[in-house]
Amino acid sequence: MITTVLPFNNVSVISLSSSIEFGLISSSGQIEGTVTIKNEYGEYLKFNDLVVSIFDANNKEIDYTNLNDDGTFSFSSLAPGKYQIKIVDELLDLLKIEPTTESKNFIVEIPCKYEDFVIVDDVNLEYIYKL
């Protein structure tokens with residue numbers, strides 16, 4: 001925007017101003033869920049100190065957490081975007097478990113909602129113990 005001011009004492013003054021708009025993301029999200037591991041007979045197994053990781057859209061690990069005693073986990077302070085939740089491949093091999101078809105490449109999305117805190121609490125991952 002250019003504003004011209006009338007001459008004052010034979011001096012013309014031109015005032016320049018501009019505006020910049022920034023897109024602000026004020027929403028953040030939380031992902032909650034469970035991990036269950038079953039043997040070939042469908043019986044639930046418990047593993048101590050099992051680590052669950054969260055990866056961004058570029059497949060970069062951004063955080064990890066231990067499962068709680070009841071098999072639950074939670075990730076908070078997440079920006080809007082798509083995330084993958086899983087047990088890292090090294091642990092899968094070490095523990096001899098593999099994800100079910102539904103749990104493999106499980107993608108969770110935190111939508112961008114202005115001034116809303118988003119909780120995605122239905123992430124339930126299942127793994128099978130392989131002999």
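Is Phe-73 buried or exposed? In this predicted model, in which local features need pLDDT of at least 70, side-chain atom pairs count only at pLDDT 80 or more, and totals for chains, interfaces and linings use all residues, residues are numbered from 1 along each chain as its sequence is written. Side-chain values use heavy atoms, with hydrogens and water left out.

Phe-73 has a relative accessibility of 2% and therefore counts as buried, a class defined as under 20% relative accessible area, with exposed meaning over 50% and partly exposed in between (1.4 Å probe, protein chains only). Phe-75, at 1%, is likewise buried. A search of the whole structure finds 1 aromatic pair: the ring centres of Phe-73 and Phe-75 lie 5.9 Å apart and their planes meet at 55 degrees, so the pair is tilted. Such pairs, formed by rings of Phe, Tyr and Trp (its six-membered ring), require centres within 6.5 Å, and planes under 30 degrees apart count as stacked, over 60 as edge-to-face and the rest as tilted.

Ile-110 belongs to strand E10 (residues 107-110), strands (E, at least two residues) and helices (H or I, at least four) being DSSP runs numbered from the N terminus. With a relative accessibility of 1%, Ile-110 counts as buried. The C-alpha atom of Ile-110 is separated by 4.7 Å from that of Pro-80, although the two are 30 residues apart along the chain. Leaving aside residues up to four places away in sequence, the contacts of Ile-110 (heavy atoms within 4.5 Å) include Gly-29, Ile-31, Leu-78, Tyr-83 and Val-120.
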